[in-house]
Amino acid sequence: MKADCKDCGAEITIPQDSMVGEIITCPDCGTDFEIISKNQDNIEIKEAESVGEDWGQ
Amino acid sequence: MIRICILFDKLRFEEKKLYSKIKEKGIDATLVDGKSLIFDTESSKRDPTFGDIVLQRVISYYRGLHLTYCLEHIGLPIVNSFSISEICGNKLITSMILKKNHVPTPKTTFAFSAESARECMKKLGYPLVVKPLIGSWGRGIYQIKDQSMADMLLETRQDNDNSFSRIYYLQELIDRPSRDIRCIVVGDEIVASVYRYSSENEWRTNVAVGGRTEEAILSPELKEVVLKASEAIGNGILGVDLMEDRVRGYLVHEVNNTVEFRGASAVCKSDIAGAMTDYLVKMCKK
């Protein structure tokens with residue numbers, strides 16, 4: 001499964017077992033994207049939130 | 001059939017592991033993205049989205065805290081509770097609660113302006129450790145070795161003008177081996193414990209900054225301190241972090257309420273996600 005990077009246009013390979021909500025990174029420009037929908041043939045991504053100061057565990 | 005809702009905003013290894021473990025046990029599970037939720041004063045428990053119990057696994061402290069409040073407000077059982085999330089997400093509150101409950105913890109001083117922080121640091125002497133009140137993974141934690149480093153830090157913190165950088169958390173530097181301990185507590189049971197060794201040229205032990213994990217020996221003394229800390233915070237699903245002071249023994253320095261366990265699950269035989277699932281089922285039936 002593939003998606004196009006919305007920043008640089010590079011092709012991003014999405015692992016088969018990926019799930020909605022996961023973050024994928026463009027191998028060329030390093031931009032992070034969040035998977036927002038996924039079905040048999042289609043995958044939709046949007047730019048992920050940047051790491052917040054309050055992020056943690 | 002019980003239905004468990006995993007509330008997230010960024011799907012990590014842990015949320016995926018929990019989701020598959022819940023399903024594996026024949027329990028209904030849903031993954032709900034906290035970023036997509038809307039609440040209002042009329043929101044009610046009848047919304048089936050949230051199932052019978054919610055496991056709060058949101059990575060953003062403020063988002064998680066407020067979502068937890070909304071879910072508690074409509075009467076849903078949620079792990080961890082608002083109270084636990086508030087205590088664990090703020091290092092000042094964590095330190096105070098631990099001390100109040102006689103849990104051994106490093107001596108920590110709080111200052112509320114750059115000027116008073118400068119005075120405190122001079123008085124306390126060096127080295128000392130400065131941590132941000134909120135945040136994880138070792139970010140923003142500095143070992144301050146002298147006055148010039150202190151001045152640099154204060155200047156940087158003043159430039160980064162957010163409300164929390166005006167509050168200073170100053171901690172004694174603990175004389176310890178190059179490791180700390182992470183114990184994962186579920187209810188009143190310790191399900192995994194690991195040493196986290198710092199990598200070369202790094203004093204912080206966080207896995208996020210290259211620390212490596214190894215299964216830890218759970219001595220009766222360690223068990224006692226960990227369970228005491230968990231009880232002080234309020235018992236739930238917690239990650240209790242400790243240091244081994246060469247003189248005073250175990251000191252609890254942090255408790256995490258959305259604990260990550262990728263490092264621990266790689267080296268521990270115990271079924272961490274399974275224990276968490278069983279606890280949620282038990283809480284649901286209460």
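The briefing below goes from whole chains to sheets, helices and single residues.

This is a predicted model, in which local features need pLDDT of at least 70 and side-chain atom pairs count only at pLDDT 80 or more, while totals for chains, interfaces and linings use all residues. Residues are numbered from 1 along each chain as its sequence is written, and chains are lettered from A and ligands numbered from 1 in the order in which they are written.

**Chain B as a whole**

- Chain B holds 9 helices and 13 strands; helices (H or I, at least four residues) and strands (E, at least two) are DSSP runs, numbered from the N terminus.
- For 286 residues, a compact globule would have a radius of gyration near 19 Å, and the 20 Å of chain B agrees with that. This radius is taken over C-alpha atoms, and the globule rule is 2.2 Å times the number of residues to the power 0.38.
- Along the principal axes, the C-alpha atoms of chain B fill a box of roughly 60 × 45 × 35 Å.
- Buried residues make up 41% of the 286 in chain B. A residue is buried if 20 or more other C-beta atoms lie within 10 Å of its own, exposed if 12 or fewer, and partly exposed in between, with C-beta atoms placed from the backbone.
- Among contacts in chain B with a separation of 6 or more, 66% are between residues 24 or more positions apart. Two residues are in contact if their C-beta atoms, placed from the backbone, lie within 7 Å.

**Where the chains meet**

**A sheet in chain B**

- Four strands of chain B form an open sheet of 4 strands in the order β5-β8-β6-β7, with antiparallel pairing; two strands pair if DSSP finds at least two bridges between them.
- β5 and β7 (142-144) of chain B stand at the edges with a single partner strand each, so one side of each has no neighbour in the sheet.
- From one strand to the next, the twist averages 30°, with axes being lines fitted to C-alpha atoms, for helices over the stretch in contact, and angles running from 0 to 180 degrees between N-to-C directions.
- Strand β5 (residues 108-111) of chain B is joined to antiparallel strand β8 (residues 168-172) of chain B by 4 bridges, and Thr108(B) has Gln171(B) as its bridge partner in β8(B).
- Strand β6 (residues 128-131) of chain B also pairs with β8(B) in the antiparallel sense, over 4 bridges. Leu128(B) stands opposite Glu172(B), and Lys131(B) has Tyr169(B) as its bridge partner.

**A sheet in chain A**

- Chain A has an open sheet of 3 strands in the order β3-β4-β5, with antiparallel pairing.
- Its edges are β3 (23-25) and β5 (43-47) of chain A, each with a single partner strand, so one side of each is left without a neighbour in the sheet.
- Strand β4 (residues 32-38) of chain A pairs with β5(A) over 5 bridges, and Ile35(A) has Ile45(A) as its bridge partner.

**Two helices that cross in chain B**

- Helix α1 (residues 13-24) and helix α9 (residues 272-285) of chain B have axes that come within 9 Å and cross at roughly 65°.
- Lys17(B), Leu18(B), Lys21(B) and Ile22(B) in α1(B) meet Ala273(B), Gly274(B), Met276(B) and Thr277(B) in α9(B). The residues of this contact divide into 4 nonpolar, 2 polar and 2 charged.

- Is Leu71(B) buried or exposed? Leu71(B) is buried, with 25 other C-beta atoms within 10 Å, and is found in helix α2 (residues 61-73) of chain B.
- Leaving aside residues up to four places away in sequence, Leu71(B) touches Phe50(B), Val54(B), Leu76(B) and Ile78(B).
- A cis peptide bond, with omega about 0°, joins Tyr126(B) and Pro127(B).
- His102(B) is not a glycine, yet has a positive phi near 60°. With 9 C-beta neighbours inside 10 Å, His102(B) counts as exposed.

Technical notes
Nonpolar A, V, L, I, M, F, W, Y, C, P; charged D, E, K, R; others polar.
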